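Hello,

Here is the structure we talked about handing over. Please have a look, then read the notes below.

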Amino acid sequence: VAHCKGFFFCGQEPFVADEYIERLAWRTPGGGSRGGEAFDPKRLLEEFVNHIQELQVMDERIQRKVEKLEQQCQKEAKEFAKKVQELQKSNQVAFQHFQELDEHISYVATKVCHLGDQLEGVNTPRQRAVEAQKLMKYFNEFLDGELKSDVFTNSEKIKEAADIIQKLHLIAQELPFDSLMGFCCYPLSSPGKYHDLECQLIQEFTNAQRRGEISRMREVAAVLLHFKGYSHCVDVYIKQCQEGAFLRNDVFEDAAILCQRVNKQVGEIFSNPETVLAKLIQNIFEVKLQSYVKDQLEEHRKSDAEQYLKNLYDLYTRTTNLSSKLMEFNLGTDKQTFLSKLIKAIFISYLENYIEVEIGYLKSRSAMILQRYYDSKNHQKRSIGTGGIQDLKERLRQRTNLPLGPSIDTHGETFLSQEVVVNLLQETKQAFERCHRLSDPSDLPKNAFRIFSMLVEFLCTEHIDYALETGLAGIPSSDSKNANLYFLDVVHQANTIFHLFDKQFNDHLMPLISSSPKLSECLQKKKDIIEQMEVKLDMGIDRTLNCMIGQMKHILAAEQKKTDFKPEDENNVLIQYTNACVKVCGYVRKQVEKIRNSMDGKNVDTVLMEFGVRFHRLIYEHLQQYSYSCMGGMLAICDVAEYRKCAKDFKIALVLQLFDTLHALCNLLVVAPDNLKQVCSGEQLANLDKNILHSFVQLRVDYRSARLARHFS
């Protein structure tokens with residue numbers, strides 16, 4: 001039973017009937033198979049009956065306890081409900097008392113307000129009468145000429161004296177001078193005593209500022225607020241604030257620190273701190289900054305344009321940065337316009353003609369960079385004429401691709417320099433940055449376009465285009481022997497340079513013109529210069545390829561012998577391919593590598609395909625010049641196989657296909673007469689014109705034999 005109770009009321013795990021019965025059977029002797037003990041069902045049944053009886057007793061006991069608790073709970077609920085009803089009644093009584101008290105308080109407050117209004121109506125005229133009496137007393141002292149009151153003789157009561165004199169001064173000014181009272185009050189209306197007191201107050205303010213007494217400064221400033229000399233008080237404060245504030249070389253940082261310090265202080269002194277701070281900033285801009293800017297710029301304005309532009313950009317940038325810092329302060333309603341006017345007043349005389357100075361400097365600087373480069377190469381830049389005969393030559397050259405005029409030996413010099421290009425782009429980049437900062441927003445696109453035009457003139461026309469013209473003139477004719485081909489180096493460098501040019505166009509020019517009509521004008525100008533250069537590059541590459549083919553013709557003419565393909569001793573041929581083939585393949589591989597190094601993107605495949613087609617045509621026509629014996633035909637096949645291996649370096653499908661077909665054609669030189677028709681109808685030769693097949697068969701030394709002619713016909 002004890003175990004059962006523990007099992008029922010233990011809160012550690014839920015009650016499971018199956019487990020409980022299992023445990024009970026396990027603990028009952030004869031209820032399980034422990035240690036070989038025999039199973040005793042009667043004993044187990046007896047144990048179960050006893051436990052069921054115990055559980056029934058326990059259930060009855062718990063049920064009685066539950067009923068007792070329910071009765072107790074119902075009793076307490078009735079008592080609690082009764083108590084809540086009593087509290088609600090008490091709350092209603094208290095609320096009624098509160099309403100009565102609130103009405104009484106409102107009644108008393110109304111009476112008090114009415115009484116206060118009555119007292120104020122009586123007290124205000126009385127106070128005015130007292131003040132008028134005091135003013136009359138002080139007025140009599142002024143008329144007698146003897147100031148005996150303590151308020152005038154005690155320096156510590158200068159605030160009260162100032163208030164009295166201000167009031168008497170206003171009264172005296174309202175009286176006509178031709179009346180008796182006006183004549184008597186003239187000493188008060190004249191500036192004498194009023195001005196003296198004003199000066200005393202300003203001097204007191206000055207002394208307090210030097211001592212750092214903020215509270216005294218605030219008191220005096222409040223008194224002077226009603227005097228005419230209040231603005232002079234502000235001027236004195238501004239002047240003294242700047243004493244010792246500009247001792248370092250950085251006037252802009254000093255100004256920012258000064259304004260930061262005054263901004264924290266001015267609100268504790270003046271009733272209109274934003275006006276005082278704005279006046280301080282105006283004074284700093286119109287006096288300190290303007291004189292500093294003038295000293296820095298006028299020194300180089302006429303003698304050194306580069307330093308002048310650098311100083312102008314730096315000073316304007318630092319001034320606008322200072323303005324951005326000052327925007328954090330309270331300067332009134334439209335502080336943006338206020339600060340912009342101050343900046344404009346300082347720089348207007350320099351910004352009006354800024355772009356003319358910029359263009360003039362950029363033009364002279366770019367010309368000097370180019371001239372210095374050509375001087376370092378000991379090169380006298382030749383004039384590229386325009387109009388008349390020169391234009392006619394240009395049109396003829398573009399249509400015929402023929403060199404007009406003698407070839408120029410450039411000694412391998414491309415006349416392109418990345419150092420020159422970097423210098424020109426750097427100068428232009430700085431010009432774009434200055435233009436962005438210094439130009440009026442309405443003039444910004446127009447000014448940026450003028451700078452871009454300078455870049456096009458000196459970088460694209462005077463440098464790149466001149467190098468292309470010189471490179472074109474330096475390309476030898478196609479029949480020249482041992483010609484040095486440098487135009488691909490020109491192409492490589494021009495391509496690299498133009499990438500840099502395009503990057504600057506996108507990074508620095510586009511943001512300045514992106515939302516203006518000048519955008520289309522710049523894009524068209526860029527397009528025109530690209531097309532102009534592409535024409536000359538295409539022309540130069542074409543003539544260079546012609547020279548390469550010409551060099552290969554010279555190699556074949558010099559190295560290829562007729563006996564190579566018709567040896568005297570057919571049984572004693574020891575070479576795998578001819579010497580001409582070896583030298584041509586070596587030359588071709590060098591040129592392919594050079595083309596890959598000189599081009600980029602799709603241009604590589606385009607030029608290599610054109611070179612490969614011309615290479616194939618050359619070999620095809622070259623093979624047509626010889627007669628082939630059986631062993632000579634085998635050697636020709638070996639040569640073409642080597643050419644085909646060389647063609648694989650092109651990595652162009654069309655070129656490889658052409659050499660595959662040529663290799664198949666060469667098989668016609670060695671195939672047995674009986675198999676000619678079968679070979680000609682093969683996959684690679686079936687689509688070729690019959691005349692081409694016939695032309696190759698005719699190259700065989702045994703072609704005229706009746707048997708061969710009969711099989712091929």
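**Salt bridges**

Arg-301 and Glu-298 form a salt bridge, with the closest N and O atoms 3.2 Å apart. Keep in mind that this is a predicted model. Arg-301 is partly exposed, at 28% relative accessibility. Glu-298 is partly exposed as well, at 37%.

Lys-377 and Glu-413 also meet through their side chains, in a salt bridge of 3.5 Å from N to O. Lys-377 sits in the loop between helix 15 (354–376) and helix 16 (389–400), and Glu-413 in the loop between helix 16 and helix 17 (418–438), so this pair ties together parts 36 residues apart in sequence. Lys-377 is partly exposed, with a relative accessible area of 37%. For Glu-413 the value is 22%, which is again partly exposed.

Next, Arg-614 and Asp-542. Their side chains form a salt bridge of 2.3 Å, N to O. Arg-614 belongs to helix 22 and Asp-542 to helix 20, so the pair links parts that are 72 residues apart in sequence. Arg-614 is buried, because its relative accessible area of 11% is under 20%. Asp-542 is partly exposed at 23%.

There is a network too: Arg-589, Glu-642, Lys-645 and Asp-649 are joined by salt bridges that share partners. Over the whole structure, the search finds 26 salt bridges.

**Aromatic pairs**

The structure has 17 aromatic pairs. One of them is Phe-615 with Tyr-643, an edge-to-face pair at 6.0 Å centre to centre and 90° between the planes. Phe-615 is in helix 22 (residues 602–623) and Tyr-643 in helix 23 (residues 630–648), so the pair ties together parts 28 residues apart in sequence. Both Phe-615 and Tyr-643 are buried.

Tyr-620 and Phe-696 make a tilted aromatic pair, 5.7 Å centre to centre with 50° between the planes. Tyr-620 lies in helix 22 and Phe-696 in helix 26 (residues 690–697), so this pair connects parts 76 residues apart in sequence. Phe-696 is buried, with a relative accessible area of 0%.

Phe-615 and Tyr-643 also belong to one aromatic cluster with Phe-611, Phe-650 and Phe-659.

**A charged patch**

Where does negative charge gather in a patch on the surface? Look at Asp-528, Glu-531, Glu-534 and Asp-538. Asp-538 is in helix 20 (residues 518–559). Asp-538 counts as exposed, because its relative accessibility is 52% and the cut-off is over 50%.

Best wishes

Terms used:
Residues are numbered from 1 along each chain as its sequence is written. This is a predicted model: local features need pLDDT of at least 70, side-chain atom pairs count only at pLDDT 80 or more; totals for chains, interfaces and linings use all residues. Side-chain values use heavy atoms; hydrogens and water are left out. Patches are made of residues with over 30% relative accessible area and no salt bridge: like charges are joined within 9 Å, nonpolar side chains (Val, Leu, Ile, Met, Phe, Trp, Tyr) within 5 Å. Accessible areas come from the Shrake-Rupley method with a 1.4 Å probe; for residues, only the protein chains shown count as cover. A salt bridge is a side-chain nitrogen of Lys or Arg within 4 Å of a carboxyl oxygen of Asp or Glu. Lys and Arg count as positive and Asp and Glu as negative; His and the chain ends are not counted. The place of a charge is taken as NZ of Lys, CZ of Arg, CG of Asp or CD of Glu. Helices (H or I, at least four residues) and strands (E, at least two) are DSSP runs, numbered from the N terminus. Buried means under 20% relative accessible area, exposed over 50%, partly exposed in between (1.4 Å probe, protein chains only). Rings of Phe, Tyr and Trp (its six-membered ring) pair if their centres lie within 6.5 Å; planes under 30 degrees apart count as stacked, over 60 as edge-to-face and the rest as tilted.
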